Amino acid sequence: MTIVANILGELFAPTTAAYALAAIGLNIHFGMTGLMNMGQAGFMLLGAYGFAITQMHGANLFSSVLFALLLAAVYALLLGIPTLKLGPDYLAMVTLAAAEIVRIVGRSTSMTNITGGSAGIAPQDFTTRFEDLSPLPDGTSTFLIWTYNNNIANSWWLRIVAWVLVALCAFLCWRWFRSPWGRVLKGIREDENAIRSLGKSVTKYKMQALIVGGLFGALAGVVFVLPRSLNPDSLGRTVTFYTWTILLLGGAATIMGPILGSCVLWVLLTAVKETMRVTIPSTVISSNQIEALGWIIVGVALMLLVIFRPQGILGNKKELAFNG
Amino acid sequence: MAENNKAPVDAAQRHDVGAAPAASVREPFYDIARWGTKPPEGEDLISTAYGDKVTRDLAFVENKPGVHKPDPILVADGVVRRFGGMTAVDVDHFEIERHGITALIGPNGAGKTTFFNLMTGFDVPNTGSWHFDGKDMQHVHPEQVARGGMVRTFQLTKVMSRLTVLDNMLLGAPDQPGEGMFRSLFPGMWRRKERENREKAEALLERFLLIKKKDDFAGSLSGGQRKLLEMARALMCDPKLVMLDEPMAGVNPALKQSLLDHIISLREDGTTVLFVEHDINMVRHIADWVTVMAEGRIVAEGQPKTVMDDPAVVDAYLGAHADVDLGGDSVLEGLEERS
Amino acid sequence: MASTYRFTAARRRRGAGWRHALCAMAVIAVVCLWCGLSAPTAQADEAEATDKCVPTAEFGCVNGILQGSDQKPIAGVTVTLGGAETGETTTGDDGTWAFKVADDGKYTVTIPQDVAKRYGFASASADVEIVKTSFSKQRGVVRFDKTSTSDAASKPSAAASGMKRPATTDAADTSGKPSASSATWTRFCQQLYSGIVFGLLLGLMSVGMNLVYGTTGLSSFSHGEQVTLGGLMAYVGTQMLHMPVVLSAVCAVAVGALTGLVQDQLIWGPLRRRRVGTMQQMIVTIGLSMALQYLYQFFFGGDIKGIVKSVPEGIQIGPITTNAPALICAGIALATIVGVTVFLYCTRLGRATRAVSDNAALAAASGINVDSVVRIVWTLSCALAALSGVLLGIYLNGIAWNTGVTLLMLMFAAVTLGGLGTANGALVGALVIGVVADLSTLVIPSDMRYASALAILILVLLVRPQGIFGKRNRIG
Amino acid sequence: MNAVTSPDRKAGKRHGRKVARETEGGTDIYGLDGTADAPRPMSRAEVHVGEPEGEPLLDADNLVAGYLPGVNILDGASLTLHDGEIVGIIGPNGAGKSTLLKSLFGLVRIHAGRLMLRGRDITNLRADKLVAKGVGFVPQTENVFPSLTIAENMRMGAYQAPKKFDERFEYVCSIFPKLGERRNQLAGQLSGGERQMVAMGRALMMQPSVLLLDEPSAGLSPMMQDETFIRVRQVNKAGVSVVIVEQNARRCLQICDRGYVLDQGRNAYSGRGRDLMNDPKVINLYLGNLEEEVEKAGQ
Amino acid sequence: SDASAAADGNGMVVGALLPLTGTLAYLAPPEVAAIKLAVNDINAAGGVLGKDVTEVEADTSDGEHADQNTSAAQSVLAKHPSVVIGPAASGVVKNVYKSIVAEKIPVISMASTSMTLSGMDPYFFRTVAPDAVQGAVMGDLIAGDGVKKLAIACFNDEYGTGMRDIILGKLKLAGVDVVYGEQDAFDPAETNYSSIASAIKASGADATLIISYDQATPLIKSLASAGVDTHRLYLVDGNTVDYSKTYDAGLLKGSKGTIPGAHVDDAFLAALKGTGTEVSDTTYAAETYDAVILSALAAEQGGSASGETIQKNLASVSGADGGEKCDSFKACKALIKDKKKIQYSGKTGIGAFNKNNDPSSANIGIYEYDDKNVNVFQAMQSGDVPSE
Ligand SMILES: Nc1ncnc2c1ncn2[C@@H]1O[C@H](COP(=O)(O)OP(=O)(O)OP(=O)(O)O)[C@@H](O)[C@H]1O
Ligand SMILES: Nc1ncnc2c1ncn2[C@@H]1O[C@H](COP(=O)(O)OP(=O)(O)OP(=O)(O)O)[C@@H](O)[C@H]1O
Ligand SMILES: CC(C)C[C@H](N)C(=O)O
Ligand SMILES: [Mg+2]
Ligand SMILES: [Mg+2]
């Protein structure tokens, strides 16, 4: 029972929401505009830094979030101006490199005074104001099979806020997808020179997409660090790869794809690991190996999911036919 | 040459001819029958005013490369583009007459497409300047060129594969407020315009025999259909000057013929047409003016008839077999000697 | 430890002897009462001079080493302790001296003025504070060869400011040596050299990835794991099966090639046939990478495995110090990459791989068996990865389950920098990355050196968006 | 003219067939779009009108093929090619001509129907195996390797016979001298027409016994178009059977022994090249009469 | 509280958050074994409050998998533990502790040594001394050995730079020149150490301090091939391990290392091996073992296995208020039965928890490598852990 609760708990865990947000942002980049952003974690990290550092210095929540968004937007601009001309695979590498640079600089000893260096920023330094804002009473609550703390760290309050954000972003996305703006972005995804020849400023649209997706990424970063601490290494390449996996698992260029993908990935991961823990006694193989085996199974399951449903869970098989 | 603007009249005649297909004739599979070799009902040209004017004006223009024309819309000066050691384009002076239908012909690799690229900002010349409608067009981005009213199509078609044909068309429409990031969130602000665009697009698709495919992905179009879509999409913009790069290569002859009338009718809406084409009949049929390029230079210019009879053009471009039946033995015999 | 005590006992007694005579026996008795049974020989005012001292609950230590600036120990010098307890000792042959002190408090250590002067010490005495229970104060180390403790604080360390650039510090310190610039030059050469060697290895690692990209358009995220596999297989060969290195390497490459073949049969082939896009295939490689990483962890655990145990002897070539394995690794890497380039550009199959990458359908229409070409490429790519894994494991002195994935970023950077899918691109890109990363440590902190390499990538792409060797196709 | 140009063919026999225009079969059997215009299928006899006797070299019978599951682009198309023939396929855009060629060549999956080469079943055989059997193919679009040089593109053409490369390349250069001059230029940088030359050249490098050409003349200058057609005739004379899809239909039909008109994935008309060219319905529906109009206007 | 209330009914549940996978996985086996051993020992002595203790484990992975950190915490929390042992790395502790302590369940880390964790939360404890302690000892060791020019190869990680800064302070006082690495630190994910090695060689240092985890394995070899003297290396707890199987004999002879915690006897290692886990060394095993025993004793003393009770009694059973010393669960339990105050002095030799919930005193062992590259115990330094 606790296992089931744990597994299903991942469905709406803050982490799931954070990844869903990041994937929604990536969906605007890749799914809509065809920008191969391999550095979504960079946006997330900057968002998280923007939020946590201002919180640490006593800013109020609203301005912290605003600052996080601002930081991501500025980063998107700086990144976009010189690189949006690049071909997709090259752009992928540049964004990947840029995100790594953000992380490496953020964790470098020379930045310790600002970013906390490799130690990052401890939760007590930046989460309290958010937790204090909660209208919920202190203590824990149980809803159906799930019991979480109301306000602290991995809490109901964070879950509510996170999923409201996800819903909001998904709504925006939905509006954009079905609007002429979205159509231009999709056009750019297919052939930017054709769009150019039709009088649309490709750079402007790409930049808009990069910024909007980056803002979602920044929000994701904030949500990601709220239940834990801000550690630059925890927002590295792995996060970007997971985000990509989520996006393509759910189905690129769909509204619900990123959300569903995130839920599926984390539920799958937890399900595998939890069941491994209980089903394999550690006398057979060591607990190290059990956990490693769990990851192996998750890796293989991911492969199989994509192999047997390459267009993603919600994706359109037809689109796949015209080389995706 | 005056006959050129008789095309509308011809069209009207054709209309009568093909009006009532005999009952015994097998109906064609495709709705091409509706278009076949005639314009659709009610789409006869009403006016030939611009056409007449252009014919009049050009009649007095000397037939030599780089002449000045009475009312040029595009003027290019000293445009040179080199690739490595090779000079792809080297145009001293070139003008395009407003409202005229100008054909740009020349052997393969003459630099026609490169010239298009240069004019529309997709490529940057080594030297040269050009003005469109009086505006300096150097260092202008392609999208600004297009917004300025100079729209081109691509020889190697560029369709947005994973967008429907209709969406491809709608992308061609200018001034859609919904294409702004914030305005797009409020459908009220763009619905009306969208509906207008859609009507226009559907009309064009109908004309280009693509209406049945409108909800299919453009990536599923056949080679010729892509060409058609490319051209139709360019026409969505209501351009001042439309530059068509081999728009009819790969298009079914019957449809091609019917589309020529459409091109002619464009002029009466105030559009100037510059097109590259290797189909001599088409050039003869609709062009008011023909410019010949070879090895990057403009080597001849003039009324279609004059130019086509120019022995240099015949030699370098049309070739010795232009009027020969290729089924005949003579062609092969000559060849065997040669090789 | 016991032996150390034995060896020093005789020598120390002499110094402590006359101190005993001066001190009142009554005081000894009082101290014995204080300290309890565990420290029968301790005295209130008298610190015990010992050879070596380890602080305990009862004793703190004041100790040090007396040596000249050339690090030669100065033996037989009298060291006097003053303060809460007093004592005197002479430095041993290795220059060491030590006092056990029982009292917390401030102590002063002095050496004779003339000794200090002779060796050019700044001061002949130093102060320390002992607090037995505090780790940071239970031992007071006094060194005369450097600035004394008292003025250490007031005199901002000159070294500290120069520290960021070790080369300059070195130059300053070795003022007696010929010239500062030659040291810098040596350092520069050494870094350049190690950058080049690493660049070559990185090139070998990435060339396989570039082949796969070039043929199928797929950026393989599991390539790092193929590299790891090579290293781990070599480890299995040398350390578990005790085979010679070369044989292990050959086996590792064979295993690598086999995995490539099997992978293509089981995964990539079917995916290609079902026309799954490269983005999707990329996600499959991410999944595969995850599975493989943890598979290695499953079998090999989480620690770093060394392929060879011995440390090779250094070879001096001009200003560069290196060793035979490094040279051999670099040589093999270079030869292999050149071989692959030649293969790509000069052989029929090589051209076929490039053709497949351009347009698989057309390649098939030209009579190329696309499937078999791709299979060969996968096999080759994985074999090359395995080879690079072996060389890497030897050159970097170890391989772990995640070595490949940590290097993946650099491989991508190298491939991109050189031009995606171009044969020699990987080599040149990797050399640039390797050299920039290593040379940049001359000017920036080394934890940021890969940032500099990545920054170079971005800069180069701004100038050449298609990479160094990439060619741009025309528009229209 | 057939009899004159290719005396080796038993042209006379082709006239003997009765052209059955009307056949039974409801108009709606294909249920295409429910329009009353929907055609009746051609009978077998109709399809094979004008065909020489004997076992065909290539025989496609009632092919059903498509790109996506459930959507059949080819809907029972048939085609035969006899030894030494040039067969032309024309039809409106999107009729399925390219699809037919691709399915002949194993690049589009055939769902139903039968495809025989020299009496052997080659349905859905892999493309490279077909090349080994002597079938060559020039696609309509994406018909060059953009990041290979011209010379390398040509080498790809001669992939299965690398020894013959030099000799063949010389031959190709004699047709398209430009290819020789620019042999080290990347194909991706070439102009549209030059690409077309490369594609055609690539096919000629193969020395196939059956050549499938998809709009080889598109984008070529008139002189080069003529040159291409003449060369097709020349290789045909040297013993290569050719299937050629063209939109430059008049020129194409001039050199064809027989022609098929394809519409909506099915055969609409077929007959000898000249007959089709002069068939008023074919002219009206597919060929147009631009040439005449221009002539008329010119006078 | 809610979460651990259930624990009262079903006996004590020990939650363990261990780095079973990821970059710290090499540290896990001794920890796993130690937990097992402790639980076995407790149950052999009759369990806690008459009921057997059970253990639940979850894998935190490493700091790069922050999502797994919290997910593991959630997984353990759902099983209503009375106490959570772990996580190992300081960064991971920061990622998870809040949601656990919010449930009023004590977290006892066995390996997180970051100084910023001191006194972080009343429910956070650790059985390992913060880096300051080891840093001070190491600094003195280096200075006392007469090193004049020291090179520091330190990795940029909270542990690395934190420890380095402490050592640097010590060295400055003693007047040791740091010729390389005062600012410079290498990336923890570094694989190519040749440039660091050549920089160290070029710096002309006469001894080298290496602060890292198992990055030391390749690093030492790179140093050796660059010509750096490998007989004068100083290693810290992250890398002071038995290198006899790694290098040729004699490579490290004379080099020194420090490890916090009492020098554990071979019997303990044998006992660890007896749990069926494959262990080769005892790094953090004693700390883990003591953490479990201490929490069990706290529950026993408080008479309840709830988190709150354990938290309240942890300091006391560790000896904060004095009491009779005992060195095993069995002995201590007996004393508690007799209503005596106890002072558990376990395998680590740490003192009672201080007001920061750090050990009030600790031991640092000093080791020297012999000619087989085995780290041989030399001496033990003990002292108080600073609580300011
Ligand atoms: N990016 C490029 N690099 C090198 N050469 C180029 C490039 N673009 C075009 N060329 C060369 O410039 C010449 C002119 O090309 P262009 O495409 O303008 O010819 P074109 O007149 O359009 O020919 P076609 O009728 O065949 O389309 C060609 O020989 C072509 O090979
Ligand atoms: N890749 C594809 N996926 C789905 N449908 C396709 C695809 N390619 C072509 N089609 C459809 O198949 C039909 C036939 O296409 P095909 O290319 O065979 O036409 P075609 O006769 O060669 O026309 P054209 O003369 O324009 O080249 C068209 O309706 C087209 O929309
Ligand atoms: C597992 C340990 C080596 C962790 C290290 N002491 C830290 O605080 O991060
Ligand atoms: Mg062109
Ligand atoms: Mg076609």
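A polar contact is a pair of N or O atoms within 3.5 Å; within protein, one must be able to donate a hydrogen and the other to accept it, and residues adjacent in sequence count only if both atoms are side-chain atoms. The model is predicted: local features need pLDDT of at least 70, side-chain atom pairs count only at pLDDT 80 or more, and totals for chains, interfaces and linings use all residues. Residues are numbered from 1 along each chain as its sequence is written, chains are lettered from A and ligands numbered from 1 in the order in which they are written, and side-chain values use heavy atoms, with hydrogens and water left out.

**Ligand 1**

Ligand 1 has 22 residues around it (a heavy atom within 4 Å). Among the closest are Thr113(B), Arg182(D) and Gly193(D). The surrounding residues come from chains B, C and D, so the site is shared between chains.

| Residue | Polar atom | Distance to an oxygen atom of ligand 1 |
|---|---|---|
| Asn108(B) | side chain | 2.9 Å |
| Ala110(B) | backbone | 3.2 Å |
| Ser191(D) | side chain | 2.7 Å |

The protein buries 95% of the 630 Å² that ligand 1 exposes when taken alone (Shrake-Rupley method, 1.4 Å probe; for residues, only the protein chains shown count as cover). Two or more residues of the shell come from each of β2 (86-97) and α4 of chain B and α9 (192-206) of chain D. Helices (H or I, at least four residues) and strands (E, at least two) are DSSP runs, numbered from the N terminus.

**Magnesium ions**

Thr113(B) also coordinates the magnesium ion ligand 4 through OG1, together with OE1 of Gln155(B), at 1.8 to 2.1 Å. Donors are N, O and S atoms within 2.8 Å of the metal (3.2 Å for Na, K and Ca); water is not among the atoms, so sites may look incomplete. Thr113(B) lies in helix α4 (residues 112-119) and Gln155(B) in the loop between β6 (150-152) and α6 (165-172) of chain B, so the pair ties together parts 42 residues apart in sequence. Thr113(B) is buried at 6% relative accessible area, and Gln155(B) is buried at 8%. Buried means under 20% relative accessible area, exposed over 50%, partly exposed in between (1.4 Å probe, protein chains only).

In chain D, Ser98(D) (OG) and Gln140(D) (OE1) lie 1.8 to 2.1 Å from the magnesium ion ligand 5. Ser98(D) sits in helix α4 (residues 97-104) and Gln140(D) in the loop between β6 (135-138) and α6 (150-157), 42 residues apart. Both Ser98(D) and Gln140(D) are buried.
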